[in-house]
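Q: Please take a close look at the pockets of this protein and at the elements around them. A connected account would be appreciated.

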Amino acid sequence: MQRYFVEPSQFGEREVAIAGEDARHIGRVMRSKPGDKLIVSDGVSREVLAEITTIEPQQVTAAIIETLTASGEPWLQVTVAQSLPKGDKMETVIQKCTEIGASAFLPFLSERTVVQYDQKKEEKRLGRWRKIAKEAAEQAHRSKIPAVEMPVKWDGLLSVLSAYDLVCLCYEREHGQQLRDVLKPFVLGLTPGQTCKIAVVVGPEGGFAEEEVREAEAMGAAAVGLGRRILRTETAAMAALTCIMYESGEMGGS
């Protein structure tokens, strides 16, 4: 069943309005008709099963049938902090990590970031990234759309690390401490349902400079490896997030 996110203001007591691109998608792409059912969420606290009553080019109206219990969100809140990669790789990271269960994305610039940062260009890309996160959340039946923040510089990233309960910096030269070594005892010490924030920090194509690793560790981050194989930057984000979801029981783990 198709799922759509709307603003809380689009909810009424007995009906919900779906506007803009989503309305066009329902009418033109899905070729839905009055009587068809869909799921609508405000991305905050309300999720309903609704039945389409009217379809217009710019708005679809649906009658609320029942309120649903949101069940698509992991109990761990994981932010993927990704050094800006080349091309459209950031889009891949956002799409796939949203499907896996990321709660937020924080792009950043590090010493070996290849991308030439342009604030105006990145502001335009931010809109594209947020749209990708929304569509991926709908496809994956998430109850919330992950936040996608504006890129920050390395110092800006370091300044927010203290807000997380656990920070894992993926470092290809770390051959002793693996992600599971840090993650498993941490998760075992938590109670399911407990509010917990984890950050996964992934470097650019050229990896982190050693000084950056030392600075992150000084802020409480754990430098961890992801096995004996060297992963691409976009692969590392997905692999690390999947490990976290598995160890927390979100993918059939213990």
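**Pockets and their surroundings**

A: In this predicted model, the largest pocket has a volume of about 360 Å³. Its lining comprises 23 residues, and those closest to the centre are Tyr171, Glu172, Ile230, Leu231 and Ala236. Helix α7, residues 233-247, gives the most to this lining, with three residues. Sorted by class, the lining of the largest pocket holds nine nonpolar, six polar and eight charged residues.

The second largest pocket has a volume of about 270 Å³. It is lined by 13 residues, and Tyr4, Asp22, Lys134, Glu135 and Glu138 lie nearest its centre. Two or more lining residues come from each of β1, α1 and α3 (119-139). The largest share, five residues, is that of α3. By class, two nonpolar, four polar and seven charged residues make up the lining of the second largest pocket.

Five strands form an open sheet in the order β1-β3-β4-β5-β2, with mixed pairing. Strands β1 (3-5) and β2 (15-19) are its edges, each pairing on one side only. On average, neighbouring strands are turned by 40° against each other, direction ignored. Helix α1 (residues 20-29) packs on this sheet and touches β1, β2, β3 (37-41), β4 and β5; the direction of α1 makes about 95° with that of β2. Within the sheet, β4 (residues 47-55) and β5 (residues 59-67) pair in the antiparallel sense over seven bridges, and Glu51 stands opposite Ala63 in β5.

Terms used:
Residues numbered from 1 in each chain as written. Predicted model: local features only at pLDDT ≥ 70, side-chain atom pairs only at ≥ 80, totals over all residues. Heavy atoms only, no water. Pairing = 2+ DSSP bridges. Helix = DSSP H or I, 4+ residues; strand = E, 2+ residues; numbered from the N terminus. Axes fitted to C-alpha atoms, helices over the stretch in contact; angles between N-to-C directions. Contact = heavy atoms within 4.5 Å. 1 Å grid on protein atoms, 1.4 Å probe; cavity = no way out; pocket = protein on both sides within 12 Å on 5 of 7 lines; lining within 4 Å. Points joined across faces, edges and corners; volume = space filled by probe spheres on them. Nonpolar A, V, L, I, M, F, W, Y, C, P; charged D, E, K, R; others polar.
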